[in-house]
Amino acid sequence: MKGKAYLVGAGPGDPELLTLKALKILQSADVVLHDDLISAEILALAPPTAFIQNVGKRCGQKHITQDEINSRLVSLASSGLQVVRLKGGDPFIFGRGGEEIAALRQHGIAFEIVPGVTAALGAAAAAEIPLTQREVSSALVFLTGHGLDENTDDSWRGFAASGATLVIYMPGPDCEGTALRLFDAGMKGNTPCALISRATSPRQQVYHTTVGELHSAPRLPAPTLLVVGEVTALGAGALLTPAIALRSTQQECVAWVAGKRSIAPHPDARQEQERPA
């Protein structure tokens with residue numbers, strides 16, 4: 001029997017946000033190599049006979065190096081096992097999935113990618129923040145705050161000037177440093193933003209503020225994600241006034257129904273009109 005490796009996105013945390021395909025593959029796994037943030041509820045979906053190992057790298061603490069993970073994927077799949085590399089969010093959004101498939105290709109190992117709901121989408125939905133909104137933001141940029149160096153300043157400046165919604169993964173505890181980078185990139189101090197901690201879990205926390213006040217934000221438990229842009233003012237619990245006037249869905253519906261009735265009157269009314277005097 002030939003083995004195979006599966007790079008599977010587990011979503012942002014809520015087990016119900018797993019895709020059907022991810023669930024199916026997880027339930028047939030011989031081995032599960034998972035990130036540190038994968039919940040016990042998701043791991044419980046694997047067969048009781050599966051070998052499960054935490055290979056996560058979190059907050060600078062590494063249980064295992066990336067080269068070792070690559071080596072285990074290759075050796076386990078080579079021995080005929082169905083190996084699931086279970087990653088938080090999506091395998092290809094800051095997940096080093098590209099490095100892992102490069103190792104699998106190099107050794108001729110069959111593999112499959114199963115996308116997952118990335119943290120930005122799960123966190124925004126849970127906080128009721130539309131990441132794009134007509135007349136507010138028509139572009140969306142994913143950035144990482146982890147391991148940034150000075151060479152990224154120019155790219156941040158371009159993103160800030162574009163008016164796009166910025167989603168910063170792994171912003172870290174240094175909110176003041178992140179705010180300074182945003183200021184240096186040209187972001188205005190009154191730009192609303194939101195810190196989202198443990199998105200989609202029962203322990204989720206959302207903190208609304210502005211770039212100018214970001215330095216005073218509380219230190220929320222990891223994992224956290226920072227959404228920056230006018231759209232955050234539309235989120236649940238935001239204290240800021242949205243910059244747009246939303247049209248009433250109810251009024252639109254009433255107008256649509258009235259228009260339909262004027263075009264196609266009820267059949268009984270038509271009969272009354274056609275009845276001779």
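## Charge over a ring

In this predicted model, Arg-181 places its charged end over the ring of Trp-156. The distance to the ring centre is 4.9 Å. That falls within the 6 Å limit used for such contacts.

## Aromatic pairs

The ring-pair count comes to two. One of the pairs joins Phe-94 and Tyr-169. Their geometry is edge-to-face, with 65° between the planes. The ring centres lie 5.0 Å apart.

The two partners sit on separate elements. Phe-94 belongs to the loop between strand E6 (82-87) and helix H4 (97-106), and Tyr-169 to strand E9 (residues 165-169), so the pair ties together parts 75 residues apart in sequence.

Tyr-169 is buried, at 7% relative accessible area. Phe-94 is partly exposed because its relative accessibility is 38%, between the 20% and 50% cut-offs.

Together with Phe-94 and Tyr-169, Phe-142 makes up one aromatic cluster.

## Second largest pocket

The second largest pocket has a volume of about 230 Å³. Its lining is made of 15 residues. Closest to the pocket centre are Ala-160, Gly-163, Met-187, Thr-191 and Glu-230.

What classes of residue make up the lining of the second largest pocket? Seven are nonpolar, six are polar and two are charged. Gly is counted among the polar residues here.

Conventions: Residues numbered from 1 in each chain as written. Predicted model: local features only at pLDDT ≥ 70, side-chain atom pairs only at ≥ 80, totals over all residues. Heavy atoms only, no water. 1 Å grid on protein atoms, 1.4 Å probe; cavity = no way out; pocket = protein on both sides within 12 Å on 5 of 7 lines; lining within 4 Å. Points joined across faces, edges and corners; volume = space filled by probe spheres on them. Phe/Tyr/Trp six-rings, centres within 6.5 Å; stacked < 30°, edge-to-face > 60°. Helix = DSSP H or I, 4+ residues; strand = E, 2+ residues; numbered from the N terminus. Buried < 20%, exposed > 50% of the residue type's maximum accessible area, 1.4 Å probe, protein only. Lys NZ or Arg CZ within 6 Å of the ring centre and 35° of its normal.
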